[in-house]
Amino acid sequence: MSDGFEPVPVVLVDDNINDAELALRVVRKTVPGTATAHLEDGERAVQYIDQLAAAVRAGTAPLPRLLLLDLKLPKIDGLDVLQHLRSLPELEAWPVVVLSSSREPSDVTRAYAYGANSFVVKPVSFDQYLPRIGGVVSYWMTLNELPNAV
């Protein structure tokens with residue numbers, strides 16, 4: 001991502017291409033015209049986060065409206081990505097929603113301990129996916145207020 005950094009309102013980090021395409025489709029359907037970035041692994045996510053923090057610090061990029069983060073990622077785990085993000089003061093107000101297939105209590109507990117704003121279990125049924133994920137996206141994109149309006 002280092003060559004193509006572009007700040008966007010919604011960033012998705014997910015290595016499963018089918019889950020990613022579905023989530024991005026839900027974002028676009030829920031909030032039409034929303035630009036998105038898709039990062040396939042934790043290493044790319046950390047690179048993007050570092051570039052974003054520098055741009056926010058320099059005043060050249062706004063804080064994105066939402067990060068949708070999978071936990072089970074190649075190269076760098078999603079919880080490590082979250083911990084890194086929360087170590088950067090410029091990004092402390094960036095809403096992070098963990099989207100995971102895990103229902104493990106330890107994953108939920110650790111995600112919140114590392115600074116997740118929400119933890120949502122990915123629906124297994126396509127019929128449940130749009131209303132559940134659409135509701136999450138709608139809340140964070142249309143109802144939630146970020147500091148210093150971005």
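The following numbered points describe selected features of this structure.

1. Basis of the model. The structure is a predicted model, in which local features need pLDDT of at least 70 and side-chain atom pairs count only at pLDDT 80 or more, while totals for chains, interfaces and linings use all residues. Residues are numbered from 1 along each chain as its sequence is written, and side-chain values use heavy atoms, with hydrogens and water left out.

2. The main core. A nonpolar core is a set of buried Ala, Val, Leu, Ile, Met, Phe, Trp, Tyr and Cys residues joined through side-chain atoms within 4.5 Å. Buried means under 20% relative accessible area, exposed means over 50%, and partly exposed lies in between (1.4 Å probe, protein chains only). The largest nonpolar core has 32 residues, and Val11, Val13, Leu67, Leu69, Leu91 and Trp94 have the most contacts inside it. Two or more residues of this core come from each of the elements E1, E2 (36-39), H2 (42-58), E3, H3 (78-86), E4 and E5. Helix H2 gives the most, with seven residues. Here helices (H or I, at least four residues) and strands (E, at least two) are DSSP runs, numbered from the N terminus.

3. A second core. A separate core of 20 residues includes Val10, Leu22, Leu99 and Tyr129. In soluble globular proteins, nonpolar side chains tend to be buried together.

4. Leu69 and its surroundings. Contact means heavy atoms within 4.5 Å. Apart from neighbours within four places in sequence, Leu69 is in contact with Val13, Gly78, Val81, Leu82, Val96, Val97, Val98 and Leu99.

5. Helix H3. The buried residues of H3 are Gly78, Leu79, Val81, Leu82 and Leu85. Seen down the helix axis, these residues fall within an arc of 155°, so they line one face of H3; the arc is that of the directions from the helix axis to the C-beta atoms. An α-helix has 3.6 residues a turn, so residues three or four places apart point the same way. The buried residues of H3 pack against H2, E3, E4 and helix H4 (105-113). At the N-terminal end, Asp77 caps H3, with a side-chain oxygen 3.0 Å from the backbone nitrogen of Leu79.

6. Lys75 lies in the loop between E3 and H3 and counts as exposed, at 63% relative accessibility. Although Lys75 is not a glycine, its phi is positive, at about 75°. Most residues other than glycine have a negative phi.

7. Helix H5. The 18 residues of H5 (residues 126-143) should span 26 Å at 1.5 Å a residue, and the end C-alpha atoms are 25 Å apart, which agrees. The expected span is 1.5 Å times one less than the number of residues. Tyr129, Ile133, Gly134, Val136, Val137, Trp140 and Met141 are buried in H5. The buried residues of H5 pack against E1 (10-13), H1 (17-30), E3 (66-69), E4 (96-100) and E5 (118-121). Ser125 caps the N-terminal end of H5, where a side-chain oxygen lies 3.1 Å from the backbone nitrogen of Asp127.

8. The aromatic pair. How many aromatic pairs does a search of the whole structure find? The search finds one. The rings of Tyr139 and Trp140 have centres 4.9 Å apart and planes at 85°, so the pair is edge-to-face. Rings of Phe, Tyr and Trp (its six-membered ring) pair if their centres lie within 6.5 Å; planes under 30 degrees apart count as stacked, over 60 as edge-to-face and the rest as tilted. Tyr139 is partly exposed, with a relative accessible area of 37%, whereas Trp140 is buried, at 12%.

9. Two loop aspartates. The side chain of Asp14 makes a polar contact with the side chain of Lys122 (2.8 Å). A polar contact is a pair of N or O atoms within 3.5 Å; within protein, one must be able to donate a hydrogen and the other to accept it, and residues adjacent in sequence count only if both atoms are side-chain atoms. Asp70, in the loop between E3 and H3, is buried as well, at 6%. Beyond four places in sequence, Asp70 touches residues including Val13, Asp14 and Lys122.

10. Ala20 in H1. Ala20 lies in helix H1 and is buried, with a relative accessible area of 0%. Leaving aside neighbours within four places in sequence, Ala20 is in contact with Leu12, Asp14 and His38.
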